[in-house]
Amino acid sequence: MQNLNLTDHKAANEEELARQKEFLEKAGMYVRELASELGRTPTFHVTNFGCQMNAKDAEKLAGILASAGFSEIEEESADFVIYNTCTVRDNADQHFYGRLGRASHFKKSNPRMKIAVCGCMMQEKTNVEKLKKSYPYVDLIFGTHNLFRFPEYLCRVYENAQKYPRSASARRIVDVWEKTDLIVEDLPAERKYAYKSGVNIMFGCDNFCTYCIVPYVRGRERSRSPREILREVTRLAQDGVVEVMLLGQNVNSYGKDLEEPLSFAELLESVCKVPGIERVRFMTPHPKDISEELIQVIKRNPKAARHIHFPLQSGSDRILKLMNRRYSRDEYMEKALHIREEIPDVAITTDIIAGFPTETPADVDDTIDVIRKVGFDNAYTFIYSVRTGTPAARMEQVPEEEAKKGFDRILAAVQETAKQQTLLLQGRTMCALIEEENAQLDGYVSGRLSNNTIVHVPGDASMIGKFYDVSLDDCRGFYYFGKALKERSGEVG
Ligand code: 5AD
Ligand code: SF4
């Protein structure tokens, strides 16, 4: 698969799609058989862990299961349960094993139940070995590169159940690939929201930040063709979607591997032009690669969200070097402040890791200094988690209590700037996309501003998926309480 040219790639992708569609029909037959044995429609549940890319994959898994004839339920005791795993930090791994342990009880009371595990953790041999040894009731294991083969695996799971009724190890299917060049489009997906959707623009990451497992489990960077991306966005818009989020681990690298290279900024501008799409978000740019071209595209396109998630990771030059981030604190701050100057009302959010190997309180001071100077609108803060096989795992580790102290100081600094930033817009009227009914407050709905901040307003389900002018009356930390003044028509901003 390595040296295919573009035409061969396209043919290989289409051939694979045709094969998987045949398997999907065959899977439908097994599901009908199961339905007559059970005397009801068989059910499925997808348990998802991790990032937006995984959430998108979970929609594909759900789409395939629904097309095969299963119906989705909320409970993890369904007839087919699949865990889409994340391995970015150790707590995600632990969480998964806890949930999988519980699934064995469900299987005891429903012997026809099938359990599948896929996603990033399965790209690590130790996890696959652990499942084979200690979790014999898992029927199917596959990785991130071959998710598109799920219809085929689904058939084989039911075939094997008939062929090997007495041997769990003979029945079990394990297929994990180290890489792939295939990008198989157009298998069914079941979208979680009617009005918004993620759209993959590229897969993988070539950055090799020293703490990060992603390049090892998601593989090298591969861009989807702009034609395919625009086709998907157009179809989503025709289906009622008003907001898309362009997804990639490192979106600034988009297009470099295409036969006719196209920049991420050019792609973003084309997506903003798709009729019916009112807001375009993206995740995640790397600070070293953010271009002036991209900043200008956002500036001149009101549909491009006023939000840039801009992962800092650390504000210490020494730690940034050890992390292989390839920018200095000054370069980072210069870019962030330039973005603020160029794009009024933009929110800048970030990711920060506390307790990276060798980090001292003075390094944490440097990070806090950057937090204050940039004035982050929000941040995800993490305690460093050792990932076996990454270079940072072999560096001198920081004691847990030191890491926790740094984490607490960083969190307090971020909470302070987030509150200051949110207060800046208090009293203004801005446009929000109403997303859902408020789970805690009866008679309220929650919406999101272009800058990603949440606002809660009195309202009902009929407002979901529509844009409203809302007054930002009362700032409560990272969000507002306000009122919906009127529904927007025309350009939303
Ligand atoms: N430990 C802690 N946080 C990590 N991240 C990635 N790898 C690790 C790790 N080993 C964080 C980074 C990244 C976010 C998605 O997860 O901040 O931006
Ligand atoms: Fe991981 Fe760095 Fe790639 Fe982000 S850019 S996925 S942190 S290696």
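**Exercise 1. Determine which residues cover the two faces of strand E3, and whether they are buried or exposed.**

Solution. In this predicted model, strand E3 spans residues 80-85, and six of its six residues are buried, where buried means under 20% relative accessible area with a 1.4 Å probe and protein chains only. On one side stand Phe80, Ile82 and Asn84, while Val81, Tyr83 and Thr85 stand on the other, and all of them are buried.

**Exercise 2. Find which strand E3 pairs with over six bridges.**

Solution. Pairing requires at least two DSSP bridges between two strands. Strand E4 (residues 114-119) pairs with E3 in the parallel sense over six bridges, and within this pair Val81 stands opposite Ile115. From E3 the chain passes through helix H3 (residues 90-109) to reach E4, in a β-α-β crossover that is right-handed, that is, clockwise from the first strand over the helix to the second with the strands pointing away from the viewer.

**Exercise 3. Identify which side chains have a polar atom 2.7 Å or 2.6 Å from an oxygen atom of ligand 1.**

Solution. A polar contact is a pair of N or O atoms within 3.5 Å. The side chain of Gln313 places an N or O atom 2.7 Å from a ligand oxygen, and for Asp351 the distance from a polar side-chain atom to an oxygen of ligand 1 is 2.6 Å.

Residues are numbered from 1 along each chain as its sequence is written, and ligands are numbered from 1 in the order in which they are written, with chains lettered from A. Local features need pLDDT of at least 70, side-chain atom pairs count only at pLDDT 80 or more, and totals for chains, interfaces and linings use all residues, while side-chain values use heavy atoms, leaving out hydrogens and water.

Conventions. Polar contact = N/O pair within 3.5 Å; in protein donor to acceptor, adjacent residues only side chain to side chain. Buried < 20%, exposed > 50% of the residue type's maximum accessible area, 1.4 Å probe, protein only. Helix = DSSP H or I, 4+ residues; strand = E, 2+ residues; numbered from the N terminus.
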